[in-house]
Amino acid sequence: MTHGDMTVQEITKVQELIYTTRVEDVMATDVIIVDPSMTVADVRALMKEKHISGAPVAENRKIVGIVTMTDIIRAMEEGMLYEPVTTAMTTQVKTVLKDSVVAEVANSLGIKGFSRLPVVDHDGMLVGIVTTGTLIKSLLRQMDRSFQKNEAEKLHTYRASHIFQDIVSDDTSLLLRFVVDDKDFSNAGKASSMIKRALQRLVVNPQIVRRVAVAVYEAEMNLVIHTDVGGEILVDIRKDKLSISAVDHGPGIKDLKQVLQPGYSTAPEWIRDMGFGAGMGLANIKRVSDMMKLISEPGGGTRLDLVFNLDHSQ
Ligand SMILES: Nc1ncnc2c1ncn2[C@@H]1O[C@H](COP(=O)(O)OP(=O)(O)OP(=O)(O)O)[C@@H](O)[C@H]1O
Ligand SMILES: [Mg+2]
């Protein structure tokens with residue numbers, strides 16, 4: 001997915017949210033209300049104290065007007081500081097029903113230029129207020145929540161444990177291929193750890209995963225240590241078994257019986273200094289796998305085939 005697609009998706013998400021979220025869910029309910037008995041001076045003091053620039057004027061939650069800083073300033077200029085606020089307020093109040101969708105509010109707040117909208121219930125009683133600030137804050141919170149949900153779902157789809165049941169065919173298999181370079185110790189072990197992760201995602205029995213990891217690691221190290229040009233590891237995952245092959249093109253093995261002896265190694269000194277070359281790799285592979293076959297010819301390549309039976313009793 002490109003970044004362009006992502007932006008389109010995000011915008012769609014916001015649009016979806018404003019058309020599905022109800023005003024009731026984004027409004028602030030702790031509304032600062034101006035009582036009609038207050039003077040313009042009282043309201044000015046209240047606004048200063050509460051850090052607000054406007055408030056609905058209501059009596060027992062029944063809205064009679066709305067007063068903003070602009071109204072207050074105008075009243076002060078006209079010398080009406082000690083007059084009742086009802087003389088300075090706007091009586092035509094645009095309100096919004098608590099169960100309308102946010103899109104309606106966004107329209108009024110954005111295009112019509114209102115900075116706050118009193119929210120009323122079906123009896124016209126004040127139940128809350130929406131401002132651009134509360135709106136943005138709650139939309140962001142909801143986007144965050146839906147983003148987290150999305151992440152969790154993505155993680156869920158990674159669990160491909162039912163892939164073999166879901167794909168209907170006579171013989172479904174998943175083939176993984178990893179190239180292993182010779183003498184590349186910085187990447188040694190990468191193929192086996194990737195194979196291990198793939199099997200874990202497929203929810204293969206953890207014990208089998210461990211055995212496979214050991215075998216593939218040894219096979220991978222043999223490609224790194226003993227070959228001229230590296231090789232590749234192929235993993236064929238089927239419903240009932242795993243077939244793994246480590247293949248290379250040289251230098252080949254002279255005596256197959258000999259190399260299978262535990263403790264036999266042709267690893268040079270510098271390899272032994274790195275902790276390899278105990279001559280235990282192939283013995284370990286034989287021990288952990290259900291079937292092992294080593295084919296090689298001196299001067300030619302070597303092929304190591306392994307099979308692991310997958311246990312489906314659990
Ligand atoms: N792909 C290969 N190509 C050529 N020779 C190999 C290959 N794999 C193994 N051998 C030969 O088989 C011997 C035994 O391998 P094995 O993995 O059992 O032990 P090792 O690699 O020498 O030591 P360890 O695996 O304990 O670090 C090696 O020393 C090497 O001579
Ligand atoms: Mg080895």
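Two residues are taken to be in contact if their C-beta atoms, placed from the backbone, lie within 7 Å. The structure described here is a predicted model, in which local features need pLDDT of at least 70 and side-chain atom pairs count only at pLDDT 80 or more, while totals for chains, interfaces and linings use all residues. Residues are numbered from 1 along each chain as its sequence is written, and chains are lettered from A and ligands numbered from 1 in the order in which they are written.

The protein chain is divided into domain 1 (3–141) and domain 2 (167–309), with bounds that come from an automatic or database domain assignment. Taken over C-alpha atoms, the centres of domain 1 and domain 2 are separated by 69 Å.

We turn to the strands and helices, which are DSSP runs numbered from the N terminus (helices: H or I, at least four residues; strands: E, at least two). Strands pair if DSSP finds at least two bridges between them. One open sheet is formed by three strands in the order β3-β4-β5, with mixed pairing. Its edge strands, each pairing on one side only, are β3 (96–97) and β5 (126–131). Strand β4 (residues 116–120) runs antiparallel to β5 and is joined to β5 by five bridges; L117 stands opposite V130 in β5.

A further open sheet has five strands in the order β6-β7-β8-β10-β9, and its pairing is antiparallel. Here β6 (173–180) and β9 (291–296) are the edge strands, each pairing on one side only. On average, neighbouring strands of this sheet are turned by 10° against each other, direction ignored. Axes are lines fitted to C-alpha atoms, for helices over the stretch in contact, and angles run from 0 to 180 degrees between N-to-C directions. Six bridges link β9 to strand β10 (residues 302–309) in the antiparallel sense, and I295 has R303 in β10 as its bridge partner.

Helix α8 (residues 190–201) lies across β6 and β7 (231–238) and runs at about 160° to β6. Helix α9 lies across β6, β7, β8 (241–248) and β10, running at about 10° to β8.

Ligand 1 is surrounded by 23 residues, counted if the C-beta atom, placed from the backbone, lies within 6 Å of the molecule. The closest are V259, S265, T266, G281 and L282. Both α9 (206–226) and α12 (281–288) supply at least two residues of this shell, and α9 gives the largest share, five residues. By class, the shell has 12 nonpolar, nine polar and two charged residues.

Conventions:
Ala, Val, Leu, Ile, Met, Phe, Trp, Tyr, Cys and Pro count as nonpolar, Asp, Glu, Lys and Arg as charged, and the others, Gly among them, as polar.
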